[in-house]
Amino acid sequence: MSNMQSISMEQPQHINMILLGSTGAGKSASGNTIIGNDKTPFEEDFSSASVTKTFDLAQTVVHGQTITVFDTVGISDTSKKITDVQTDIEKILQSTQHGFDVFLLVIKLGQTFTEDWKGS
Ligand SMILES: Nc1nc2c(ncn2[C@@H]2O[C@H](COP(=O)(O)OP(=O)(O)OP(=O)(O)O)[C@@H](O)[C@H]2O)c(=O)[nH]1
Ligand SMILES: [Mg+2]
């Protein structure tokens with residue numbers, strides 16, 4: 001058996017992916033692109049308050065692997081305390097038995113890094 005075959009046999013059948021990033025960074029738009037097939041399960045819009053209020057999830061199947069995409073509330077939502085946002089994200093992380101395989105940090109093109117990114 002070649003190395004390629006043994007790697008592909010070890011691939012999980014199910015991949016959990018979580019999208020993280022600032023409000024309006026494009027998490028939901030990225031999630032819709034990943035789900036593909038002209039589907040747009042995640043609501044996307046530009047707003048200083050999070051469009052995605054807590055979280056949403058959607059699934060797609062690629063080459064026999066089920067990919068579940070979890071879209072989250074923005075980490076710089078102007079209407080929410082950062083500690084509440086952290087709690088929301090922790091709940092999502094603990095909500096699956098399988099855990100998460102992919103953590104995707106979505107950053108808007110041209111966005112500068114500010115003091116916020118150092119955390120408190
Ligand atoms: N032109 C362009 N617009 C984008 C892109 N990504 C996101 N947008 C637009 O930017 C706005 C915000 O995108 P969302 O995907 O709703 O952002 P979000 O990170 O989910 O925002 P919240 O749910 O509010 O945290 C929407 O109007 C999108 O259509 C991109 O790559 N190119
Ligand atoms: Mg969103």
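Met17 has Val69 in E3 as its bridge partner. The model is predicted, with local features requiring pLDDT of at least 70 and side-chain atom pairs counting only at pLDDT 80 or more, while totals for chains, interfaces and linings use all residues. Residues are numbered from 1 along each chain as its sequence is written.

The chain contains three helices and four strands (DSSP runs of H or I with at least four residues, and of E with at least two, numbered from the N terminus). Along the sequence, these elements follow the pattern α-β-α-β-β-α-β.

Strand E1 (residues 14–21) pairs with E3 in the parallel sense over six bridges; pairing calls for at least two DSSP bridges between two strands. On the antiparallel side of the story, eight bridges join E2 to E3, and Ala58 stands opposite Val69. The E2–E3 hairpin has two residues between its strands, and His63 in the turn shows a positive phi of about 50°.

How much of E3 is buried? Seven of the eight residues in this strand (residues 65–72) are buried, so E3 is largely enclosed by the rest of the structure. Here, buried means under 20% relative accessible area, exposed over 50%, and partly exposed in between (1.4 Å probe, protein chains only). Across the chain, 32% of the 120 residues are buried.

Glu44 counts as partly exposed because its relative accessibility is 45%.

Notes:
Chains are lettered from A and ligands numbered from 1 in the order in which they are written. Side-chain values use heavy atoms; hydrogens and water are left out.
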